[in-house]
Amino acid sequence: MSKFKTYAKSILIPVILGGLVGFFISSYMDYDTLQKPILSPPSIVFPIVWSILYILMGVSYGILKDNNLVDKDINFIYYLQLFFNLLWPIAFFVLKWRLFAFIWIILLAILILAMIIKFYNKNKLSGLLQIPYLIWTIFATYLNLAVYLLNK
């Protein structure tokens, strides 16, 4: 597969899946009506940040794929964290299971950390590109817990 196709596919998978979930949950979004904690960004920030993070996720995976560094462990952790990532907004916004979503996002952060370590061990840049994702997820964990506590 050409380098272009490798990166295009690697980037498009998380971007398209994230976009589909965003489209699906859009009619359930109640972020603007919730009591929010200090440091809560305006709702417009979320699609921008997630688009960037999905692109970084794809580039990071593409680096491994392009250098033939993908193995079953890399695929497992990558797609498992992506699965957890895509189900979190459904739990939080569609089902309104805010406490469950908090537990879920903690598990997601652990998976992201494990992914960073695995990616970094294969290719340093690939692992480092995931750090903004972990930082944002930790921030989202704070928001999730605070929204749960302020709106129960």
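Modeller: A salt bridge is a side-chain nitrogen of Lys or Arg within 4 Å of a carboxyl oxygen of Asp or Glu. This is a predicted model, where local features need pLDDT of at least 70, side-chain atom pairs count only at pLDDT 80 or more, and totals for chains, interfaces and linings use all residues. Residues are numbered from 1 along each chain as its sequence is written, and side-chain values use heavy atoms, leaving out hydrogens and water.

Biologist: How many residues apart are D66 and K3?

Modeller: D66 sits in helix α2 (residues 45-66) and K3 in helix α1 (residues 3-25). Helices (H or I, at least four residues) are DSSP runs, numbered from the N terminus. The pair links distant parts of the chain, and the separation is 63 residues.

Biologist: Is K3 buried or exposed?

Modeller: Buried means under 20% relative accessible area, exposed over 50%, and partly exposed in between (1.4 Å probe, protein chains only). K3 has a relative accessible area of 52%. Therefore K3 is exposed.

Biologist: Which residue does D30 meet in a salt bridge?

Modeller: D30 is buried, at 14% relative accessible area, and lies in the loop between α1 and α2. Its partner is in the loop between α3 (72-94) and α4 (98-122), 66 residues apart from D30. The N to O distance is 3.6 Å, and the partner is K96.

Biologist: How many charged residues are in the lining of the largest pocket?

Modeller: The largest pocket is lined by 29 residues, with I25, F46, P47, W50 and P89 nearest its centre. α1, α2, α3, α4 and α6 (131-151) each supply at least two lining residues. Ala, Val, Leu, Ile, Met, Phe, Trp, Tyr, Cys and Pro count as nonpolar, Asp, Glu, Lys and Arg as charged, and the others, Gly among them, as polar. The lining has 20 nonpolar and nine polar residues, and the number of charged ones is none.

Biologist: What defines a pocket?

Modeller: On a 1 Å grid over the protein atoms alone, points where a 1.4 Å probe fits are grouped into sets. Lining residues have an atom within 4 Å of a point. An open set with protein on both sides within 12 Å along at least five of seven lines is a pocket.
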